[in-house]
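Q: I am new to this structure and would like a close look at a single helix and its surroundings. Could you walk me through it in a friendly way?

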Amino acid sequence: MGFVVTLWNTAMYETMFMDECPEGPAPGNTEIWESTISPEQRRSYPERLITQLRHVNYRGPNGEDVCEQPTVVTDPPLKIVEGKYSYGIDLDGNTDGGATPKSCAHRTFTGLNGETGVDNQMYRLLGCVEAWRSYGHIENNANSHRRTSGLGMILLEISGVDDIRNDDEVSVTFYRGLGSFNLDSKNNVLPFGSYDIDAEDGAPRYNDTVGGRIEDGILKTHTADVHIPHYGNYQYIRQLIQDMQLHMDITPDDGRTGGMVYGYYGVDQLYSYVRGMLTSFPNRHKFSCPAIYVAAHELADGHPDPQTGECTTLSSAFKFEAVRAFINHPKGDELASGGTGPARVAASGP
Amino acid sequence: MKRHKSLHRGFLSALLAPLSALLLSACEPAEPVVSGTPPDISRLTEDQYRNVIGDVFGSAIVVGGRFDTPVRTHGLLAVGARNATVTSGSMRQYDEMARSIASQVLSEPNRRFLVPCALKPDMAFDETCATQLITDAGRLLFRRPLTDEEIKSRVTVMRDTAKALGHFEDGLHLGLTSLLVAPQFLFVTESVEPDPAAPGSVRLDGYSVASRLSFLLWNTVPDDALLTAAENGALHTQDGLTSQVTRMMASPRLETGVRAFFADMYEFDAFDFLEKDTVIYPAFGVAAAQDAQEQTLRTIVDHVINLDADYRDLFTTRKTFMTRTLGQVYRVQVEAPKGVWQPFEFEETDPRVGIQSQLGFLALHSHPGRSSPTLRGKAIRTTLLCQQVPDPPPDVDFTEFNDPNSPNKTARQRLTAHSTSPACAGCHRITDPIGLALETFDGAGQSRSAENGEVIDTSGSLDGIAFDDASGLGPALRDNPAATTCLVNRLYAYASGKSLSPRDPLMAYLEERFAAEGFRVKELLKRIATSDALYAVTAPDTAALETAAVSPAPF
Amino acid sequence: MAKSRTTPISRRRVLRGTLAGSAVTVALPFLDCMLNDSGTALASGAPLPVRFGTWFWGLGHTPNYALDDKAVTSPGLSFKGECEALKPYADLINFFAKFNLPLDGRSNYPHTSGWVASRTGVVPDKDDEIPGTTFDLLIADQIGNGTRLKTIDLSCTGNPNHMYSARGTFTKTSGEVLPTAFYQRLFGPDFVDPNKADFAPDPRIMARKSVLSAVTDERQRMMKDVGASDRAQLDEYFSSIRELENQLEVQLQKPAPNEACRIVPPPNDDGVLGDMSGVEIGRVEATHDAFAKILAMAVACNQTHVFNMVFSDSFSALRREGESLTHHSLSHEERVDPETGLQPQTSWFNTRSMEALARFIESFQSIREGDGTLLDNVLLLAASETNFARTHSIDGVPFMTVGRAGGRIKTGYYVAGNGDPATRIGLTAMQIMGVPIDSWGTRSLATSKTITDILA
């Protein structure tokens, strides 16, 4: 059976009055720049041009682009999440946040259902940066671009299913889709569409498979490193999620479902995405590249570098929505199992 | 029209008739003799108008405009078109379309193919060019050569216009417009001539025969070869007629003709105003509606033309065609790229069999936001079986149907409660047991197993044949004798404008032949197209002409 | 052919007009066709024309929820409930209650018999039969020939067949469905602004007219070879050709300056039709309101003197997005609230229909004409096809006149018909509009009783 992902967000636990960010939202690039110049200088710039000014980004001592070279300036430390609760799971198997062979010491959260030892340093890092919050531009822009363009489309194929409600051993493969979404008149993705796998010479460009099980209709994968395609803010990322686990309900009546992806996300992978955004973004959408860069390294809690001991990944949780879909395999791709092949398919569902 | 072998009241034919009947009876019964009716006139339907313009001027010409729909008569718009006229509002539309088509014909690059001379900005009036354009286009549009007078009057107006407006092109524009608003174009008028085989009788002239043939088989005007056959008298011989019918039935245009007939018989014009609530049925949008109609037409064309299969199997076939848009509504996998059709076959276990279980039928005969066993049952009775279903009484009380507190969760339960009233029960008995078998398909035709949480019971019956679900309804429909009688009646009415009564010997003959030839629509079509009955005419009743001609115009 | 009542255009004037700015010569046939039957529009200062229109909505009113009933004809209208929106216009309206449509034993074809009988004066024998000419066309034959368009017919449901005007079963009028297309037809390149100083007859229109004349010339020959019934079919076609010729003729004449004629900006089709949601009520309302604005201006500009506006069809398939039942289904299926006697959702649609009528009235009322408003010179007949949709009764079908018809009628009256045939209303409307007719209708619908209570 197949699914196509229709919405993908960094899972953020947001309260109405932003209690999780006691110091308020993190300041943006312009605010930081303004604090470094005199009021006279400030007045010399026309208001409407401020967000357009390239040199706001080029505020390094020698005119360097501070997103390209985040260490040339020292911005005020990033305001990070101080709240108690978060989405996520205990990824390192240690509830008190102390260092383990696979993690650096970090503060843990309590899960929304009271679970202890929830690891989500990605949330701690970005939860107070308004551009990443649910009303911010970054993720909404990425989702809306994906919705209209079909770029970075994530296809999930679950094979080896004997019993859709309870099955000890199934496997899940992640593909990138090709083409556009099938949308209804309100721009919602319709379930039960047929989607093609993006492939080159018959070989899917994305093809990572992970085992898993189904418990009472909920699919839970084993832990594995997988590549999941991503597109947003004009960039493709061949997104690697380490020690990934996926949880989702696969038995929705109307073909619409959702779930969570947990795992470690590389600091370099994240920063490469931040750096690659349009020059105007840090000003327009209020974030500081140097502050994020520094904080990301400080907060990294996974995959210690064997040489330096410094951690290189951030524990993370992603929330996604998906609809049932039929997955068309490229000609010659025999790797897939289950339900594909000739167009003769039962009308009861994918 | 009577051809050489045919039976006729004429002297020579009367002598030969017993002989030819004898010769034929060895293999098959002879066609019964029918008495003719006066020739008819028929307004071009929208499809015919569009086909003609495409065929005469090329498919690049855009026909933008609104057409009045004829009143459906004997179940067919094509029969209604024989009573259709041109109202003042639609005349404005025809005038606008004519001018727009003329402009397109005279614009680049079309003019290079369609205008018989090279147009230059300040050229003088070129009488040869103007005459030829009118003669050539006129012959196709009027389906016969124009008379000298028809050409001359037009060329005169064209010359005057070119002079007044300063451009030759303006004259050509006007000439083309004058053809396209002319009654000879907008109405298919038939003419009779003395029948040489039967002195004192008349027959359709060759051009009228050609038009009957081409609108029947192709739903468009005769092509050059057919007009030539009309011109040289070939259509008045059995061989000539048969060879034209054979040629025309081998043409890809036959598909256009077959589509037009079935779209008319199955009332697909209703698709123009089909509405589905996009909140309740998000997958059934405009694109799905278009594809649903096309799917059924493709299924029919493939079945009756390509496979030349038994008509009755259309109600049990699992073979169809699919697009990604439709696949989403049917919830099936489609490998063909977007917008491309792929052959598709529903699985043996799937209750969807026959065109009556395709979206086109199911969605068309439902409400915008829910299914309707009654509408579906009624449509099967009226369009597939040619039976009458009375309308509900004016003060029908249906409150039980919509009571939110009602214990009746499924349509069956609600209809049962409703039908306890004897006034309603009579009609619902003839529709609902058919439609209820299709209840596992919702108002958009999507599969479902429950309604309001209650499992749907799809048992039903058709004229004494009981079935458990839609897969049983198909065979019941297939084996219902009314299904083939209905087709024969409609196809003959489509061809001739006349609805045969069940007791008509011609009806019995056509039905018998249809059965003997394996219920193949192509054979039936060929038989009708080459029959004597189709062309039998009497002289028009022109007696009242004087009064009509002098009656004052209404203003 | 309409006879000119004013000074004919001189041959010299035509030549000058036609030649203005260009070196073309006018061929004689054009001149002749112009001179033979040309005339100008009413000169400035002449009496303003009185126009006639209909406004149709499906499924009527809920009894006792439209206005206070009275036993007898009397002044003063107290609208309420579903007609609340009409209150501001009460002194411009006459309400006709208790007029019946006796069927003389024939079937009541739901949603058809009502409009057919009240508009043609004849009860149909069959479901799809229209046994006569509807009165709007009888009025158009009387007053519609001097304008560019004899009638304007608008359907707000997206379906051109939702139109209640016909000359017979096979000659039903079809309506415009798209405001943008309607605007283009009216105020596009063929529109002649009456307030523009210069006017030159368009030689292209003369040319088009000559084409139609050539077609008309073929009438005799066509008629010769066809049978009687086919002749009627062709006759209607030739009448339509003549009407088109007549309209072109009007365009060749300089229109009288007209202060009330100010062109509104073109509409867009946002929010109106275009996809399958034709009868979703929001779209119908958007289409209606766009149409109303353009129509009011078209009437003010005397592009037509007769119009038909259909808000919802006689079956009223209006629906709300996300609801599975239409206005019509609700009328059969919704339970009556025992407290109020209302079917609440059905009534909601009735109310929305009357709100649309109120906006329609306002679009005419807001145009100044002469010393008053456009509505002073309009007779609008608003009507439905049933009384209470729940029972689909065609007795007491609601009718209203709106407007003062050039001072020919009194307004603000409640007129109780006490079971008289509803054809009295059609007869009176035709007489007000100058149709020379003293009786109308057949069998029990036959009447010669004008409703004198409203005559000024």
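A: Let's begin with a rule for judging a helix: its expected span is 1.5 Å times one less than its number of residues. Please keep in mind that this is a predicted model.

Now to the helix itself, α13 of chain B, which covers residues 253–265. Because α13(B) has 13 residues, at 1.5 Å a residue it should span 18 Å, and its end C-alpha atoms are 19 Å apart, which agrees.

Next, consider what lies around this helix. A residue counts as buried if 20 or more other C-beta atoms lie within 10 Å of its own. In α13(B), the buried residues are G257(B), V258(B), A260(B), F261(B), F262(B), D264(B) and M265(B).

Chain B contains 25 helices and ten strands. Its C-alpha atoms fill a box of roughly 80 × 65 × 50 Å, taken along the principal axes. A compact globule of 555 residues would have a radius of gyration near 24 Å; chain B has 27 Å, which agrees. Buried residues make up 51% of the 555 residues in chain B. As for contacts in chain B with a separation of 6 or more, 68% of them are between residues 24 or more positions apart.

For a look beyond the helix, we can turn to chain C. Here an open sheet of eight strands has the order β2-β10-β3-β9-β8-β1-β5-β4, with mixed pairing. Its edge strands are β2 (74–75) and β4 (152–155) of chain C, each pairing on one side only. Strand β2(C) runs antiparallel to β10 (residues 413–416) of chain C, and two bridges join them. Within this pair, P75(C) stands opposite Y413(C) in β10(C).

One last stop in chain C is T180(C), which lies in helix α5 (residues 179–187). T180(C) is partly exposed because 16 other C-beta atoms lie within 10 Å, a count between the limits for buried and exposed. The C-alpha atoms of T180(C) and A290(C) are separated by 8.9 Å, although these residues are 110 residues apart along the chain.

Key
Residues are numbered from 1 along each chain as its sequence is written. Chains are lettered from A and ligands numbered from 1 in the order in which they are written. This is a predicted model: local features need pLDDT of at least 70, side-chain atom pairs count only at pLDDT 80 or more; totals for chains, interfaces and linings use all residues. Helices (H or I, at least four residues) and strands (E, at least two) are DSSP runs, numbered from the N terminus. The radius of gyration is taken over C-alpha atoms; the globule rule is 2.2 Å times the number of residues to the power 0.38. A residue is buried if 20 or more other C-beta atoms lie within 10 Å of its own, exposed if 12 or fewer, and partly exposed in between; C-beta atoms are placed from the backbone. Two residues are in contact if their C-beta atoms, placed from the backbone, lie within 7 Å. Two strands pair if DSSP finds at least two bridges between them.
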